[in-house]
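Morning, everyone. I have one model to show today, and I will keep it quick. Here it is.

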There are 2 protein chains.
Amino acid sequence: MSDIIRIAQYGLGPIGIESLKLAATKPWVEILGGIDIDPAKVGRDLGELTGLPSLRGRKVYYALEHLLEHGRPDVILHTTVSKFAAAFDQLAPLARQGISVVSSCEELLFPQLNNPCLAAELDELCQLGGSRMIGTGVNPGFVMDVLPVCLTGVSREVRAIHIQRVVNAATRREPLQRKIGSGLPGEEFSRRFRAGEAGHAGLRESVALVAHCMGWKIGEIIETGEPVIADHDIQTQYLSVKQGLTCGLHQFASAAVDGRVCLTLDLKMYLDAPNPHDAIQIEGEPPLNLVLQGGVAGDQATVAALVNTARRIRKASPGLKLMTDLAVPCWS
Amino acid sequence: MSDIIRIAQYGLGPIGIESLKLAATKPWVEILGGIDIDPAKVGRDLGELTGLPSLRGRKVYYALEHLLEHGRPDVILHTTVSKFAAAFDQLAPLARQGISVVSSCEELLFPQLNNPCLAAELDELCQLGGSRMIGTGVNPGFVMDVLPVCLTGVSREVRAIHIQRVVNAATRREPLQRKIGSGLPGEEFSRRFRAGEAGHAGLRESVALVAHCMGWKIGEIIETGEPVIADHDIQTQYLSVKQGLTCGLHQFASAAVDGRVCLTLDLKMYLDAPNPHDAIQIEGEPPLNLVLQGGVAGDQATVAALVNTARRIRKASPGLKLMTDLAVPCWS
């Protein structure tokens with residue numbers, strides 16, 4: 001196995017561009033090119049798109065087969081969609097080609113939750129083709145799932161796990177500021193949340209991953225979403241929200257074993273949220289009480305999780321993997 | 001691979017007894033027996049030693065070969081010594097027999113630091129015999145090494161890592177209360193520390209493991225140890241310390257890359273220490289600031305780390321392993 005990992009970037013939105021830029025700084029990475037279906041991006045030079053002279057001469061291709069004419073990546077960083085079912089058609093050809101994938105697709109953190117048959121099919125394709133695939137990020141992918149699981153490594157007993165995350169969305173990228181419903185009337189946010197058109201993707205997958213690791217046979221995952229209403233006029237780099245309108249969301253998921261609630265995930269992401277932080281309480285022996293003061297800055301860290309995982313996934317056996325199957329996360 | 005793991009306990013001091021008791025509660029464990037050279041323990045019934053009726057009929061043997069006459073363990077929980085060189089003669093026969101080991105031996109966290117040749121030899125024996133060996137625990141083994149490494153999984157860049165641990169030793173087992181020098185004149189503690197007869201084992205190994213994971217080529221690890229002097233008379237469950245005498249230690253280790261300090265580990269373990277906690281700061285992008293309020297209770301959690309690792313190590317390839325080589329720590 002060569003020390004150099006040949007990487008291509010699938011999806012060149014804000015997260016894709018940032019992950020490409022970070023990957024390009026690593027001495028163990030060779031960037032081959034990008035894939036995006038956006039006609040405004042196809043054919044463009046990655047050096048120009050990213051502002052990195054070292055990427056000059058690498059192009060954006062419309063499809064995998066065009067990229068493959070110019071080189072064969074070991075790992076693809078995949079940053080296109082949130083739903084596994086939508087990602088599947090992009091991932092299956094990569095699995096067949098034996099190309100490994102690290103994806104920000106939120107449902108891919110635990111694709112068995114919503115699409116067990118499709119997950120089994122992708123796992124089989126990976127094993128046949130010799131590729132590894134994984135979903136990761138910061139949330140889902142770290143603060144509300146992998147980190148609490150890691151903490152239980154020193155637990156004699158775990159009775160319940162409670163996780164809180166408070167994000168000041170004013171410090172985040174524009175798509176996220178819009179995704180949380182900024183500027184909508186509260187009722188419209190609630191309608192869109194119920195229709196699956198607003199809200200944070202992946203909270204249920206975090207619940208499912210933690211429960212899986214604890215060996216808990218949970219019942220239905222209960223999820224609620226409420227708008228957070230601005231109590232003052234808010235102006236961010238990208239948008240403004242009048243007092244009385246939605247400035248973010250309060251999303252909550254829980255699961256129970258035999259009627260006893262053992263997992264709660266409480267997520268607040270709104271503009272100007274005070275005291276952003278991540279907190280984890282493990283009820284058990286010993287009791288554990290973790291706080292990440294200031295929280296984990298989302299976009300920067302999501303990109304880091306993708307690139308750091310690209311090196312580690314190559315050491316796993318072929319298949320569709322969970323983050324908790326891989327070696328301890330590590331900067332690389 | 002059967003779901004049941006046959007376990008034997010090597011070393012039946014306080015930590016050994018506790019790890020045996022915890023392992024015996026797991027549905028995936030079958031306890032075969034114990035090994036200890038203490039004549040007062042050899043031949044005794046584990047049910048009687050532990051107070052657990054379920055262990056009646058399992059015995060303490062003087063040597064591995066006597067245990068093997070009664071059954072063959074998959075994994076041995078090893079809790080005898082702190083120094084890898086002293087553990088080697090106990091571990092080598094297990095490696096040859098293909099029996100895996102999870103050990104609390106502090107130097108085994110990163111045995112390459114003090115004994116690279118012996119570590120290479122043990123690794124080879126493990127690979128030949130098909131066994132896996134690993135050193136783990138809480139400190140070393142988690143709060144000052146594995147947890148900070150895990151945290152960097154979401155780091156774009158890591159410039160330095162600073163870790164503090166404050167333990168109220170009055171809540172810990174008797175051997176630990178004595179090991180930290182309780183009751184000694186300060187000068188005598190310092191003499192013993194310099195002679196390697198007092199102090200916490202494993203701090204340098206934690207430094208070495210973190211540096212290894214970060215890919216940092218560090219220079220010499222600098223370690224200092226000072227007595228903490230009691231500012232009042234202290235009475236614990238096991239001993240008493242007069243004001244003016246040693247009631248614990250302040251140990252500090254650091255390492256630099258090219259003259260720039262990139263790792264500091266600051267450990268205070270003393271009787272009646274206020275505000276026990278663990279804290280980790282990652283200097284980098286993003287900055288990360290973790291606090292475990294109250295800290296991780298040492299003895300309970302050390303035992304948990306041993307037993308939890310017993311299940312995970314079986315999935316690793318044969319060899320002498322590091323905790324960061326295994327899958328994410330997890331309660332099991």
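**Across the interface**

Start with the strand pairing between chains. β14(A) pairs with strand β14 (residues 288-293) of chain B, antiparallel, over 3 bridges. Pairing here requires at least two DSSP bridges between the strands. Strands are DSSP E runs of at least two residues, helices are H or I runs of at least four, and both are numbered from the N terminus. Look at A:Val291: its bridge partner in β14(B) is B:Val291.

Some housekeeping. This is a predicted model: local features need pLDDT of at least 70, side-chain atom pairs count only at pLDDT 80 or more, and totals for chains, interfaces and linings use all residues. Residues are numbered from 1 along each chain as its sequence is written, while chains are lettered from A and ligands numbered from 1 in the order written.

Back to the interface. 40 residues of chain A are in contact with 40 residues of chain B. Contact means C-beta atoms, placed from the backbone, within 7 Å. Which elements of chain A give two or more residues to that side? They are α6 (146-151), α9 (203-214), β14 (288-293) and α10 (298-313). By class, this side of chain A has 28 nonpolar, 9 polar and 3 charged residues. Asp, Glu, Lys and Arg are charged; Ala, Val, Leu, Ile, Met, Phe, Trp, Tyr, Cys and Pro are nonpolar; the others, Gly among them, are polar.

Now symmetry. A rotation of 180° with 0.0 Å of shift along its axis puts chain A on chain B, RMSD 0.0 Å. The two copies are therefore related as by a two-fold rotation axis. The same surface serves both: 100% of the contact residues of chain A recur in chain B. The superposition is least squares on C-alpha atoms of residues with pLDDT of at least 70 in both copies.

**Inside a chain**

Chain A divides into domain 1 (5-137 + 301-325) and domain 2 (146-295). Those bounds come from an automatic or database assignment. The domain centres, over C-alpha atoms, are 26 Å apart. 10 residues of domain 1 of chain A are in contact with 13 of domain 2 of chain A.

Last, the sheet in chain B. This open sheet has 7 strands, ordered β3-β2-β1-β4-β5-β6-β15, with parallel pairing. Its edge strands are β3 (60-61) and β15 (319-320), each pairing on one side only. Strand β1 (residues 5-10) and strand β2 (residues 29-35) of chain B pair over 6 bridges. There, B:Ile7 has B:Ile31 in β2(B) as its bridge partner.

Note on methods:
Contact = placed C-beta atoms within 7 Å.
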